[in-house]
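Subject: The two-chain model, and what turned up in it

Hi,

Here is the structure I promised to pass on. Have a look at it first, then read my notes below.

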Amino acid sequence: MSNKGLRLLDFEGVTFNYQNQSAPAVKGCTFNIREGEFVSLVGHNSSGKSTIAKLSNGLLQPKEGQVCVYGIPTTDQERLIEIRANVGLVFQNPDNQTVASLVEDDVAFGPENLNLPPEEIRKRVDEALSIVGLLHLLKHPVHHLSGGQKQLVAIAGILAIKPKLLILDEATSLIDPKGRKQVLEKIKHLHKDGYAIVMITHRMEEVLLSERSIALEKGNIIFDGKPEDLFSNPPLLARAGLERPPLVQLVESLSGNGINVPFPKDENELVEALCRLK
Amino acid sequence: MSLANFVTIGQFVPLDTPIHRLDPRVKLLLSLVLLVFIFVVGKLLPLLALFVLAMVCAALAKVPLMHLVRGMRPILILIVLTVVIQLFSTSGEPLLSFWGLTITKEGILVSLFVVLRLILLVSISVILTYATSPLDLTFALESFMLPLKRIGFPASEIALMMSIALRFIPTLLEETDKIIKAQTSRGADFSSGGVIARAKSFIPVLIPLFVSAFRRADELADAMESRCFITGEKRSRLHVPKLGLNDFVAVALCVVAMAGVYVWSIL
């Protein structure tokens, strides 16, 4: 797809079965993610999105095929820490990712596991928190923060282990619209700073932020390409059970009425494009 | 009133006071020694002196009075029960009698004494957890258990488990609150009927609470592993408390105070 950087994450014919289910959750998936890419992963509930996330850092092991991070297979138990330090996972519910009561202690959890010296941990905690803009909340109890802030703390906790790839598993689905906006802003910044991002999402508005989209249906990859191409393919959208976001619908009905605007990333871009029309 | 306001033991408030600044190991050790010492002191007045000492510590740690009082609420029934039993069952000089029951002077003194002990027990625990972060507290516990590590005792893992348990207290209280409200809105009744009926009415709260706690545990385990946690691996720490002059002063003051109280109580 993109010829950005090194191949970071490689899925090769990966199949995975949960123990109590007959149908595999992921079937023969092959794709790779390069350094600095921004990919969205979409699909129905139980289409295998979260399973792919957990396969990416060795939380789950493939039944067939191979998952590699920088060429290291996730089955290599000796180098599991190296793999996990490169691929950071952020989950849906911030409450269930917080290990410690205070913000700084929670962010420090990752670096502590890497057995780093206290000065280095301090440095990483401060860095990670200033990236997400919560340095002023260092000594606050996590449970006093808003949903959006809690999720940013969870992201900081992952940033502190200095991963190259950030996988966000529906990380914005449980927080209020204001918090979601806050988190999405930070994710955009992280991508600009060179992090590769995989965003698992139900929200098509979020898909529009990405440069590449992978759609799953019952464990199979049914699309891998530009989000615009996904949205302009109604039969495919129907198969993946996705609805076109209001923004896309608007652009399409505009072009149906003879008003052509370039495909916008968000509302602001559309407004901008409409204002430039003559 | 939400549940979080009800349980004050275990609620840490990050402040910068002389008590907060003490080494957690010193705080935990002194608290434990004090808790035992309460049962060594056998006289009312020396115990009262100990109570004053505890209140001075509370004031130093800036524990709000209401916070302490709220901490007594869970043991209120215990206090009332012991007072009633001690009041009527202690023999001695009768002061008042009615319905065949007699209140003696000794009875009043003994019940005062027992109540003071209970209040002291709770106060010390409240002050300790108010002024010590759960993480520091478990660090202290871990360092006390360290000698056991040599015989294969998982001291660090147990300390981590405890700090996670403490961290989830507010989350689970909030959740309980939510479930109670949800069940109430579906017509559940938690406040009428006898003791057994009431206890039974909590089953629809406990089951969802347990189910969700297990789900949380599952997700937390994934999140921890994703952050490079591997059981049994060596971990470092952000904060490594160091013993300072203030800690030695605190120990010295406490030892002197306790020795004084002890001598007073055996005189």
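This is a predicted model: local features need pLDDT of at least 70, side-chain atom pairs count only at pLDDT 80 or more; totals for chains, interfaces and linings use all residues.

Residues are numbered from 1 along each chain as its sequence is written, chains are lettered from A and ligands numbered from 1 in the order in which they are written, and side-chain values use heavy atoms, with hydrogens and water left out.

**Where the chains meet**

The size of an interface is often given as the accessible area lost when the parts come together. Here about 3,200 Å² is buried between chain B and chain A, with 55% of that from carbon and sulfur atoms (buried area is the accessible area, 1.4 Å probe, that two parts lose on being put together, summed over both). On the chain B side, B:Arg227, B:Cys228 and B:Leu238 lose the most area to chain A, together 26% of what that side buries. Contact (heavy atoms within 4.5 Å) involves 38 residues of chain A and 29 of chain B.

There are 4 salt bridges between the two chains (a side-chain nitrogen of Lys or Arg within 4 Å of a carboxyl oxygen of Asp or Glu). One salt bridge joins the side chains of A:Arg84 and B:Glu225, at 3.5 Å from N to O. As for elements, α11(B) gives the most to the side of chain B that touches chain A, with 8 residues (helices are DSSP runs of H or I, at least four residues, and strands are runs of E, at least two, numbered from the N terminus).

Is A:Arg84 buried or exposed? A:Arg84 counts as buried, because its relative accessibility is 2% (buried is under 20%, exposed over 50%, partly exposed in between, with a 1.4 Å probe and protein chains only). This residue sits in helix α2 of chain A, residues 80-86, and among its contacts beyond four places in sequence are A:Asn57, B:Ser226 and B:Cys228.

A:Arg239, in helix α9 of chain A, is partly exposed at 44%. Apart from residues up to four places away in sequence, A:Arg239 touches A:His44, A:Glu217 and A:Ile222.

**A patch on chain B**

Lastly, look for a nonpolar surface patch of about 810 Å², whose members include B:Leu95, B:Trp99 and B:Leu112 (patch residues have over 30% relative accessible area and no salt bridge; nonpolar side chains are joined within 5 Å, like charges within 9 Å). Strand β1 and helix α7 of chain B each give two or more residues to the patch.

Happy exploring!

Note on methods:
Accessible areas come from the Shrake-Rupley method with a 1.4 Å probe; for residues, only the protein chains shown count as cover.
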